[in-house]
Amino acid sequence: MRTILFLLRKEFLQISRNKSILPIIFVMPIFQLIILPFAANYEMKNISLSIVDMDHSLTSQRFINKITSSKYFLLKEAPNNYNAALKSLENDEADLIIEIPRGFETDLIKENEIKMMVTANAINGQTSGLSVSYANSIIKDFNNEIRVQWIQNPRLNPRPMINITSSNWFNPLMNYKYFMVPGVMAILVTLVGFILSSLNIVREKEAGTIEQLNVTPIKRYQFILAKLIPFWILGLFVLSIGLLISFLLYGIVPEGNILIVYAFAAIYLIALLGLGLIASSNSDTQQQAMFIAYFFMSTAILLGGLFASIDNMPRWAQYITYINPVSYFIDVLRMVILKGSSLYDLRNHFMVITAFALVLNAVAIIGYRKTT
Amino acid sequence: MKQLLVFIKKEFFHILRDPRSMLILLGMPVVQVILFGFAITNEIKNANIAILDNSKDEQTQKIINKIAGSTYFNIERSLVTNEQIDEAFKTGKIKLAIIFQPNFQNELTHTNSASVQLIADASDPNNATTLINYASSIILDYQNSLMGPNKLPYTINTEVKMLYNPELKGIYSSVPGVMALILMLISAMMTSIAIVKEKETGTMEILLVSPIKPWLIVISKAVPYFILSFINVTSILLLAVYVLGMPIEGSIILLFVMCVLYIFCSLALGLFISTSVSTQQAAMMVSLIGLMLPIMMLSGYMFPIANMPWILQMLSNVLPAKWYIIIVKQVMIKGLGFSGIWKETLVLLGMTALLILLSIKRFKIRLK
Amino acid sequence: MNLQETVIKTEELTKRFGDFTAVNKISFEVKKGEIFGFLGANGAGKTTAMKMLIGISKPTSGKARVAGYDVYKETEKIKKNIGYMSQKFSLYEDLTVKENIVLYAGIYGLSSKLINEKCDELINRLGLKNEQNVLVGSLPLGWKQKLSFSIAIVHKPQIVFLDEPTGGVDPVTRRQFWDLIYEAAYNGITVFVTTHYMDEAEYCNRVSIMVDGVIEALDTPANLKKTFNASSMDEVFLKLARKAKRSDN
């Protein structure tokens with residue numbers, strides 16, 4: 001026990017003197033939390049619109065007014081022909097083209113039916129899909145407006161109408177940041193916990209001090225605990241900074257009990273650190289360790305449900321997420337902060353992460369050999 | 001010239017003897033492209049939803065069947081009480097709840113009006129909006145089918161054309177991003193680490209004292225990573241085209257030339273970093289925090305730049321990756337020629353030249 | 001001082017890496033209080049042999065006992081009773097002199113009181129009073145060496161293993177270092193030192209010379225010079241090394 005205290009003292013002294021680690025712990029969280037939620041903004045607004053009005057009628061003008069007054073769209077230009085509009089799409093000056101065909105108004109009245117062309121730059125599948133979706137709903141809205149107006153005799157409605165009401169729970173303001181920030185915090189804690197711990201053992205290996213320690217009577221678990229504990233503390237510290245910043249900057253106040261987050265984070269970090277130690281013990285140079293860490297981390301984050309919902313993934317990818325601790329952490333953060341989920345609600349997540357922590361650390365300790 | 005080859009060979013040996021790093025350097029892009037191509041998609045599929053049918057009649061059953069039959073939704077559970085809705089959301093099991101009013105069929109038949117309530121988990125706002133849209137349109141479809149052959153008067157239909165990426169595949173915007181990131185990783189970070197390593201271990205001084213010109217030493221360090229980057233570009237493109245079905249609309253030669261330009265730019269950046277730091281660890285940290293993160297966040301790799309606040313858009317202009325991603329999209333996906341990318345090419349050339357100049361200056365200062 | 005007690009004994013100790021036999025059936029004994037020089041050219045197998053004795057490398061075959069314990073099954077007990085100074089000196093460059101002493105003393109289980117005493121004693125003995133709070137990384141090489149050795153014996157082990165301890169310093173500093181070794185031996189600590197500096201062989205009680213993984217000679221320096229008809233240990237070594245297949249010659 002005493003040995004661990006001596007080792008811990010050494011670790012903390014080394015960390016405090018390590019000029020490269022400190023910026024990671026302080027600067028990076030702030031940097032990421034400030035920039036990322038603003039950068040990762042999928043809230044659709046200011047979609048650049050190019051309208052080609054071949055009809056120049058009252059109705060077409062009405063439509064143009066309606067769509068340009070929407071907060072989603074920004075009228076970039078109103079060229080004379082479709083080809084000019086296409087050019088703008090090519091140059092990325094416009095995102096969406098709406099073409100109102102000649103005879104729009106007259107044909108609508110005469111034939112009862114008319115077609116409008118919507119062309120989108122679909123390179124970014126997600127945003128273009130949403131843009132088109134919004135355009136469509138405005139068009140439908142417009143359709144209903146003129147329909148109600150033009151039908152002179154509002155008879156008793158013979159058509160069955162299903163009224164659909166919708167409500168958005170847990171994030172009524174539809175603030176995209178509420179979605180991103182918990183995820184970013186998860187990334188932060190993961191970065192600190194995993195990358196820093198991965199580099200740690202390798203650094204000793206490279207310096208040769210690990211050999212010296214292997215010759216002393218230190219027990220494996222003492223060595224590993226001494227490596228785990230400082231970064232465990234740092235990880236929780238970074239989490240706290242993250243929570244503070246998200247409160248100060250974004251006004252995010254957890255709906256649920258914040259202690260649940262800490263409890264999960266504590267176990268999560270233990271699991272992560274164990275993984276970092278395994279990576280570290282199996283690397284010979286810092287460069288290798290960095291790479292392995294970076295590789296696993298970026299894959300885990302991509303599959304973690306931060307940028308795309310896990311539900312959308314194909315089965316095989318979903319299976320991978322079952323063994324991806326990051327996705328559980330992101331989930332827990334979101335659920336507690338936004339929905340106020342309770343410990344009982346999250347019992348599955350807790351069980352899984354505890355299993356991870358136990359298994360990974362057992363592997364780390366057993367795999368660490370003082371004698372080769 | 002022969003000396004140069006000797007040095008280049010030496011650098012290659014360094015790299016080849018580190019199979020783990022090599023594996024990751026060559027394998028990571030492949031993994032990322034596959035993930036982006038197949039796993040990461042915003043297309044809604046099998047979203048878990050719950051149904052609370054307070055009416056349990058023929059009509060509601062028809063609607064429920066229609067929903068169950070759609071690929072968008074997967075009915076995860078049927079609820080019985082309102083209280084269960086909360087729990088279903090809070091345990092993260094469902095993203096949408098559809099609630100039918102009691103006596104649905106009766107009301108609909110006799111008063112021509114009945115209601116359905118949709119509750120979405122708006123933790124992910126876009127997802128929620130999309131789910132509600134899809135559910136609504138299925139229900140409305142059903143409603144229209146009830147009306148039989150009678151059509152609504154004055155209907156505006158829309159014909160939608162999705163250009164460049166008709167199937168809305170996620171990879172179209174992500175493959176350029178993955179290329180930008182990986183190339184930067186290899187060319188900038190690895191090169192800078194390789195150069196700094198020699199500084200750290202003191203072997204740099206030995207090289208400087210030898211009759212080899214310093215710039216030859218630098219080139220010898222850059223060449224292997226250049227080759228590695230090139231291999232990566234090729235493998236990513238091969239994957240994208242043959243496995244993910246992404247087309248190369250424009251000139252392949254132009255595309256490769258632009259990749260080479262970007263690789264040069266990244267190498268110059270790596271060079272610059274190496275003249276500014278003295279330990280490997282510092283080189284790694286600078287690359288990670290100063291390059292990787294900004295690229296992932298601001299270059300258009302994942303998030304559309306147009307949605308960002310003005311300041312971040314300005315910041316993104318500093319990243320070579322941003323310009324490169326634009327170039328790749330224009331050439332590869334839109335099929336544009338040089339006339340469509342001359343601006344961005346100029347920017348990259350300028351950045352490369354600037355970085356090389358700055359590095360030379362710093363290098364000379366250090367030597368003094 | 002019981003000169004009869006054997007503290008290290010090996011019997012046909014062997015280490016193979018695949019096809020390559022680094023250490024080939026070496027057998028020898030070291031007595032308590034001896035300064036035993038383990039000599040050989042670079043690549044002869046000295047470090048590999050030593051790693052087996054200090055318990056961080058498992059032998060392929062053969063037997064060995066260090067400080068009375070078996071190198072296969074009782075490595076942890078061995079480690080409690082020995083000290084080690086590696087080729088890289090293995091001090092933490094980003095910790096101060098004092099912090100390094102306290103760390104290792106603590107790891108070896110010295111009480112707080114003893115740690116303080118030892119700290120003062122060591123710092124004074126080495127003349128590092130003004131440097132006790134200086135980061136080891138900024139110390140000159142010779143001081144690092146001496147500090148490293150002192151820390152290796154801070155817990156008064158039975159045996160201290162030194163792996164090429166005097167690399168890269170001037171002869172005066174080397175001489176000072178060997179003064180420390182004599183002092184340790186005088187206080188009952190057996191010193192097992194590997195080196196490729198043949199002149200240092202003269203300082204040892206007995207030396208063994210390894211060539212290509214095998215011990216080709218083992219005796220006092222004086223006897224060896226007589227046997228090989230040489231005037232210095234350098235010459236002894238050259239005569240043996242000429243036969244070597246594995247070395248820098």
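The following legends describe close-up views of a predicted model.

**View 1. Chain A as a whole, with 14 helices and 5 strands.** The radius of gyration of chain A is 28 Å, whereas the globule rule gives 21 Å for 372 residues, so chain A is more spread out than a compact globule. Taken along the principal axes, the C-alpha atoms of chain A fill a box of roughly 95 × 45 × 40 Å. Of the 372 residues, 49% count as buried. Among the contacts in chain A with a separation of 6 or more, 81% come from residues 24 or more positions apart.

**View 2. Chain B as a whole, with 14 helices and 5 strands.** For the 368 residues of chain B the globule rule gives 21 Å, and the radius of gyration, at 28 Å, is well over that value, so chain B is more spread out than a compact globule. The C-alpha trace of chain B spans about 100 × 45 × 40 Å along its principal axes. Buried residues make up 45% of the 368 in chain B. Of the contacts in chain B with a separation of 6 or more, residues 24 or more positions apart account for 78%.

**View 3. The contact between chain B and chain A.** Chain B contributes 89 residues to this contact, and chain A contributes 89 residues. On the side of chain B that touches chain A, helix 6 (residues 125-146) of chain B gives the most, with 10 residues. The residues on that side of chain B divide into 50 nonpolar, 26 polar and 13 charged.

**View 4. Strand pairing across the contact of chain A and chain B.** Strand 5 of chain A and strand 4 of chain B run parallel and are joined by 9 bridges. Within this view, Ile164(A) stands opposite Val116(B), a residue in strand 4 of chain B.

**View 5. The β-α-β unit of chain B.** Strand 1 of chain B, helix 3 (residues 58-69) of chain B and strand 2 of chain B make up this unit, which is right-handed. Strand 1 of chain B runs parallel to strand 2 of chain B, and 6 bridges join them. Ile49(B) stands opposite Ile75(B), the latter in strand 2 of chain B.

**View 6. Helix 4 of chain B and its surroundings.** Helix 4 of chain B comprises residues 83-90, and its buried residues are Ala88(B), Phe89(B) and Lys90(B). Gly92(B) follows helix 4 of chain B and has a positive phi, near 75 degrees.

**View 7. The contact between chain C and chain A.** Here 21 residues of chain C are in contact with 19 residues of chain A. The elements of chain C that give two or more residues to the side touching chain A are helix 2 (75-81) and helix 3 (97-107). The residues on this side of chain C divide into 8 nonpolar, 6 polar and 7 charged.

How values were computed
Residues are numbered from 1 along each chain as its sequence is written. Chains are lettered from A and ligands numbered from 1 in the order in which they are written. This is a predicted model: local features need pLDDT of at least 70, side-chain atom pairs count only at pLDDT 80 or more; totals for chains, interfaces and linings use all residues. Two residues are in contact if their C-beta atoms, placed from the backbone, lie within 7 Å. Helices (H or I, at least four residues) and strands (E, at least two) are DSSP runs, numbered from the N terminus. Ala, Val, Leu, Ile, Met, Phe, Trp, Tyr, Cys and Pro count as nonpolar, Asp, Glu, Lys and Arg as charged, and the others, Gly among them, as polar. The radius of gyration is taken over C-alpha atoms; the globule rule is 2.2 Å times the number of residues to the power 0.38. A residue is buried if 20 or more other C-beta atoms lie within 10 Å of its own, exposed if 12 or fewer, and partly exposed in between; C-beta atoms are placed from the backbone. Two strands pair if DSSP finds at least two bridges between them. A crossover is right-handed if, with the strands pointing away from the viewer, the path from the first strand over the helix to the second runs clockwise.
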